[in-house]
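Subject: Structure handover

Hi,

Here is the structure I promised to pass on. Please open it next to this email and follow along.

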Amino acid sequence: MSLSLSDAEQKTESAVTIDARTLFGLFVFTLLAHGIWYLATNPPTGFADSDGYMRALRVETLWQGGGWFDNSIARANAPYGDTSHWTRPLDVVISLLAGPLVPFLGVKAAIFWGGALSGPVLHGAAAAAFAWAALPLVGRTAATLAAIATMTQFGLISYGAPVRGDHHIFFVFLAALGFGFAIRALDRGRAGESSCAGTPTGVTRALNDAPLPGRAAGWNAVLAGLAAAAGVWIGIEGFVFAALTLAALGLAWLAGDDPPDAPKGLRFAGGFAVGLAGALAIERGPSVFAVEYDRISIVHLTLGVLVALFFLAVRLGAARGALRSPLARLGAALAGAAAVAGVWVLLFPKSIRGPMADVDPVYVGFILENITELGPGYTLERFPAILGATVLALPWLVWRLWREGREKPGRWFWAWAYVAICIAVFGALTAGWVRWTVYSGLFPCLVLGDMIARLTERIAAQKLKPVWREAGCALVVAFFLLGPLTAAYATAIVVVPPEKKAERERAKVCSVNLLADVLNRPPWSDRPRTVLMGVNYGAEILYRTRHRVVGTPYHRSASGLRETFEAFAAQDDAFVREILIRRDVELIAICPEGKEGLSREKGGFYDR
């Protein structure tokens, strides 16, 4: 991959291609960036948190003959067992990466490294997909820079790191794909297909930046729907990206840029519903009609079908001459949204409570208070790292929208409006919950790439000595790509109190690996035993030993977590003894220096 930052090659408004070598170069460069980051940051020797260990354990169970549709975790929430809300796509990715390693490392180590490699591989795929996605909107140079920018976003680099091994970075890859298809669907320079406005407007030949050369432009909306459905398959939070994509297509229809029968909205909704149906059949099999709220189920397919039915109703109404004015379309949209929501809640009353509908509200409160990634992102310590790129992107984004709005017809106005919607909504969500940082780290990169490409082009056009031109380009790149991270590290040095830094260092002595080594030797290795310990360490004990645990930090293990918390906080020994006997607990492990997720109230069982 070659890229001259002072080269004025950018052709922002023309259809250009991005060759396979560049995409592959971006993929490899992402892997190298993760390797450098891993070696330079003194990472843990294992996974960063319990998610990586629990995911590896799931894959091991699958390889050992556990059923595809079996989500049970027999040794968690002892002695009752537990189930997982995770789905299988990442398990497949880990298995594909682990398979070639088995002859050299053995099964367990191969699965561990398959999980470790899954983050960088999916991040690399996301970077390449994002370059392709941004191509028609900003041109080849800016699209390549946008992909490179994903490697300097803290959220993406951290969630895609080898020490994670969880599904969050998978959302980024699917969002990049869906984003690219949706941008092409929003291209005003391509005609759509209308089946009810008299004569069809025709099927345009795909430009050379389209995903499927020679196919109708409307297929982009279908493919965007399929990508959004795949995101929901990974996790229910994928519905947010699907809703924002539908909102962008809907705004273009309301404004009259899509025919009255909303062909793009119908195609997106159709692809989304079909994708959900396929994912549900693959994931759930014989339990396809089971009602669950925290992972893909008939609840979510029903919503997708209801949205598709709304667009079918729009098509019928438009065929009868209705919906020709923006006001009529707005009325239809509001009535349709109310009808879809009303029918869905009528069929599934608990859906209004979201993915945690079946979870004890007390535990939901515990999650919000104690899980770091559900904490706020607006704090001074976190803001520069996870929202710095958003702040840099907003002024340029406003200028872009103003510029596109002035042009007639403003070919990319709705595409840029879609970018603005994604950046604004995911930025607001990240300010409230850190876990959304994977999205707030992705979409501003398109704007950063566009800014860098245009500014370096301007610098290259100046009559300056070559050394000053190159220095100016380098400063622009450094400011926009490394500025937020530099500010984050500087803020951390100033803001993070010394006692918190000392606490992080002390936590390193709580090595579950060392504890597991003890538990895997006599006298404790003769049979499986139940261990009561901090919930943050439960999954790693399950992974490293054959013992059982009471609590793990997952919402379906609410009873195990609650009783772990209550037992260690209790003042009454009889209360503690009842829990220990009922759960057949033989061993209790504590590590006061670590982050166990336990109450340490004075006079409580933990304290005593």
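**Overall**

Please keep in mind that this is a predicted model. The chain has 24 helices and five strands. It runs to 608 residues, and 53% of them count as buried. Now take the contacts between residues at least 6 apart in sequence: 74% of these join residues at least 24 apart.

**Helix 6 and helix 18**

Two packed helices are described by the angle between their axes and the distance between the axes. Start with helix 6, residues 140-149, and helix 18, residues 444-461. Their axes come within 7 Å and cross at roughly 130°. The crossing of helix 6 with helix 18 is right-handed.

Which residues of helix 6 meet helix 18? They are T141, A142, L145, A146 and A149. On the helix 18 side, the partners are C445, L446, L448, G449, D450, I452 and A453. By class, the residues of this contact are nine nonpolar, two polar and one charged.

**Helix 8 and helix 16**

Next, look at helix 8, residues 168-185, and helix 16, residues 413-432. Here the axes come within 9 Å and cross at roughly 150°. Angles over 145 degrees count as roughly antiparallel, so helix 8 and helix 16 are roughly antiparallel to each other. Helix 8 contributes G178, F179, A182 and I183 to the contact. Helix 16 contributes A415, Y418 and V419. Six of the contact residues are nonpolar, one is polar and none is charged.

Is it enclosed or open? Of its 18 residues, 16 are buried, so helix 8 is largely enclosed by the rest of the structure. Its length also checks out. At 1.5 Å a residue, helix 8 should span 26 Å, and its end C-alpha atoms are 26 Å apart, which agrees.

**A569**

Is A569 buried or exposed? Its relative accessibility is 13%, and buried means under 20%, so A569 counts as buried. A569 and R608 are 39 residues apart along the chain. Their C-alpha atoms are separated by 10.0 Å.

Best wishes

Definitions and conventions
Residues are numbered from 1 along each chain as its sequence is written. This is a predicted model: local features need pLDDT of at least 70, side-chain atom pairs count only at pLDDT 80 or more; totals for chains, interfaces and linings use all residues. Side-chain values use heavy atoms; hydrogens and water are left out. Axes are lines fitted to C-alpha atoms, for helices over the stretch in contact, and angles run from 0 to 180 degrees between N-to-C directions. Helices (H or I, at least four residues) and strands (E, at least two) are DSSP runs, numbered from the N terminus. A crossing is left-handed if the near helix is turned anticlockwise from the far one by less than a right angle, and right-handed if clockwise. Contact means heavy atoms within 4.5 Å. Ala, Val, Leu, Ile, Met, Phe, Trp, Tyr, Cys and Pro count as nonpolar, Asp, Glu, Lys and Arg as charged, and the others, Gly among them, as polar. Angles under 35 degrees count as roughly parallel, over 145 as roughly antiparallel, 65 to 115 as roughly perpendicular and the rest as oblique. Buried means under 20% relative accessible area, exposed over 50%, partly exposed in between (1.4 Å probe, protein chains only). The expected span of a helix is 1.5 Å times one less than its number of residues.
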